[in-house]
Amino acid sequence: MFNQAAQELTTVRDLLRFAVSRFNDAGLFFGHGSDNAHDEAAYLILHTLNLPLDMLEPYLDAKLLQSEKEEVLSIIERRAVEHIPAAYLTHQAWQGEFDFYVDERVIVPRSFIYELLGDGIRPWIEHDELVHRALDLCTGSGCLAIQMAHHYPDAQIDAVDLSLDALEVAAINIEDYGLEDRISLVHTDLFEGLDETYDLIVSNPPYVDAESVEALPDEYLYEPELALGSGEDGLDATRQIILQAAKYLNPKGVLLVEIGHNREVLEAAYPELPFTWLETSGGDGFVFLLTREQLLGEE
């Protein structure tokens with residue numbers, strides 16, 4: 001079918017229709033950027049043809065060179081047949097207004113935490129200039145560390161990950177944004193070996209429970225397993241963060257952690273902690289905030 005398409009299809013509109021049909025027929029899962037076959041097809045086509053990603057309409061009836069068609073059809077085929085997430089095919093992922101280099105060494109950025117930096121946690125951090133040191137645990141591609149550097153211009157940031165592969169990707173993104181002098185990459189397991197204290201700690205740790213890991217769509221199987229599952233209930237890493245964070249927070253310091261769909265389990269495990277659940281585009285059950293004083297039972 002793809003060979004036939006290369007011979008008979010001529011325009012961007014033709015390829016867009018063909019891609020949507022193939023994606024729907026393949027039963028793809030859309031959870032790494034777009035949420036439907038049309039938007040994903042448009043993105044892959046525009047990216048491959050080096051066209052503006054927000055300007056599909058002017059190019060719909062443009063005829064393509066044979067070599068261009070073959071390049072577009074190749075990426076469409078890989079997405080449809082192999083179920084590879086689009087971000088790994090283009091090596092590009094967006095989180096808010098920021099775009100990052102990604103490959104199979106890191107999960108595709110999709111944390112709600114970036115929505116909360118700055119204004120989102122203003123009641124707890126009144127002025128961005130008050131953040132002098134910050135920590136991004138489980139940094140992956142470095143996306144949150146980079147966005148923290150943007151929101152907190154006076155902050156020096158440590159970006160920690162257990163995976164050396166992930167840190168290699170983070171280094172690419174940090175260099176792309178020219179932040180080598182403000183973000184330090186640290187290879188360790190959560191807080192192990194750290195000797196600094198911080199005004200803000202954020203973490204998007206592994207949080208998928210064992211049952212859900214078994215049921216993940218094919219697309220997620222391309223992501224590093226280390227960055228997805230975290231024990232039977234998905235909270236192994238989060239428990240360690242809650243246990244140790246106070247030691248690494250300055251007075252009035254803030255901890256911000258994303259935990260997926262585990263709110264009920266977490267609250268049952270820590271009934272004494274006054275979690276603040278922050279509103280995100282996904283709802284108010286995905287990211288919690290605790291201060292150093294709350295972690296120590298002083299507030």
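Two strands count as paired when DSSP finds at least two bridges between them. Keep that in mind as you explore this predicted model.

**Stop 1: the sheet.** Switch to a cartoon view and look for the strands. Seven of them form an open sheet, in the order β5-β4-β3-β6-β7-β9-β8, with mixed pairing. Strands of a sheet pair through backbone hydrogen bonds, either parallel or antiparallel. Now select residues 183-187 and then 276-277: these are the edge strands, β5 and β8, and each pairs on one side only.

**Stop 2: a pair of strands.** Select β7, residues 249-258, together with β9, residues 287-291. The two run antiparallel and are joined by five bridges. Which residue of β9 is the bridge partner of Leu256? Click on Leu289 to see the partner.

**Stop 3: helices on the sheet.** Next, select helix α6, residues 143-151. Helix α6 lies across β3 (133-137), β4 (156-161), β5 and β6 (198-203), and runs at about 160° to β3.

**Stop 4: two helices together.** Finally, select α3 (residues 37-48) and α4 (residues 66-82). Their axes are 9 Å apart, and the helices pack at an angle of about 140°. The crossing of α3 past α4 is right-handed. Show side chains for Glu40, Leu44, Ile45 and Thr48 of α3, then for Glu71, Val72, Ile75, Ile76 and Arg79 of α4, and you have the residues that make the contact.

Note on methods:
Residues are numbered from 1 along each chain as its sequence is written. This is a predicted model: local features need pLDDT of at least 70, side-chain atom pairs count only at pLDDT 80 or more; totals for chains, interfaces and linings use all residues. Side-chain values use heavy atoms; hydrogens and water are left out. Axes are lines fitted to C-alpha atoms, for helices over the stretch in contact, and angles run from 0 to 180 degrees between N-to-C directions. Helices (H or I, at least four residues) and strands (E, at least two) are DSSP runs, numbered from the N terminus. A crossing is left-handed if the near helix is turned anticlockwise from the far one by less than a right angle, and right-handed if clockwise. Contact means heavy atoms within 4.5 Å.
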